[in-house]
Amino acid sequence: TLSSCAIRSSRSCSAEEMRFQVEELEVQFPYPRIYPEQYAYMVELKRSLDARGHSMLEMPTGTGKTITLLSLITSYQRAHPAMGKLLYCTRTIPEMEKVLEELKVLEAHRDELFGQDRKDKLFAVGLTSRRNLCVHERVSQQTERHLVDQHCRQLTASWVRERARGGGSGGGGSGGGG
C-alpha cells in the first residue's frame, strides 16, 4: 500500500516515504511522487511475475514506465534471488541510455535508504553495436553500418587472427585469405 504522501500531488515525499508495499513486496521508488497509474502498473507486473507469466501493459508517454518497471522488478529480484538476471532490451541507444540513467537514480535512492556499503548493489551493462563500440581508427571512420560490420569482420575473423599468429594463409571468408 502507498503512503498517503506518495499519492498526494500537493507535496513531495521524503525518501523514506517512497518505500511502500505492492502486495507484500517492498518497493523503493526514487521520486517524491508516484502516479496512480504507475502503482497499478506495478501491481499487475508483480502478479505476472508471481504467476511466472507474460505481461503486456500499456502506459501513455511521459508517465514513468521505465522507472516503474525498474523499481518493481529490481525490488522483486531482491526478494526472490532465484529469479535470476534482468535482461532489458531497447530499440534505440537513447532509450538504453535513459534506462541506465534511471537505474543510477534508483541505485542512488537505495544508497540513501540503506547506505552506500550495502551488498546488493545492481550491476548494469549497456551493449550496443560495433559502430558505437569499435575503437579501431579505420572502422570507426565508417558511417554505413554494413561497412562497419565488413571492416570489423576483416580485422577480427578467425582466419585473420590465425594469420597474425603465423599459423596459415587464411581461408574461406570474403576478404583476403590467401
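A: Contact means heavy atoms within 4.5 Å. Among contacts between residues at least 6 apart in sequence, 46% join residues at least 24 apart. The model is predicted, with local features needing pLDDT of at least 70, side-chain atom pairs counting only at pLDDT 80 or more, and totals for chains, interfaces and linings using all residues. Residues are numbered from 1 along each chain as its sequence is written, and side-chain values use heavy atoms, leaving out hydrogens and water.

From the N terminus, the order is α-β-β-α-α-α-α-α-α-α. The chain has 178 residues, and 31% of them are buried (under 20% relative accessible area; exposed is over 50%, partly exposed in between; 1.4 Å probe, protein chains only).

The salt bridges number 14 (a side-chain nitrogen of Lys or Arg within 4 Å of a carboxyl oxygen of Asp or Glu).

Start with Asp111. The Asp111 side chain meets that of Arg118 in a salt bridge, at 3.0 Å from N to O. Arg118 is buried, at 11% relative accessible area. Asp111 also counts as buried, at 17%. A salt bridge also joins Asp111 to Lys121, with the closest N and O atoms 3.3 Å apart. Asp111 sits in helix H4 and Lys121 in the loop between H4 and H5, so this pair ties together parts ten residues apart in sequence. Lys121 is partly exposed, at 40% relative accessibility.

His109 belongs to helix H4 and is buried, with 5% relative accessible area. Beyond its neighbours within four places in sequence, His109 contacts Ala15, Met18, Gln28, Phe29 and Pro30. Val125 lies in the loop between helix H4 (93-114) and helix H5 (130-133). Val125 counts as exposed, at 53% relative accessibility.

For comparison, take a pair within one helix. Lys46 and Asp50 form a side-chain salt bridge of 2.5 Å, N to O. They are four residues apart in helix H2 (residues 36-50), which means about one helical turn separates them. Lys46 is buried, with 8% relative accessible area, whereas Asp50 is partly exposed at 41%.

Note on methods. Helix = DSSP H or I, 4+ residues; strand = E, 2+ residues; numbered from the N terminus.
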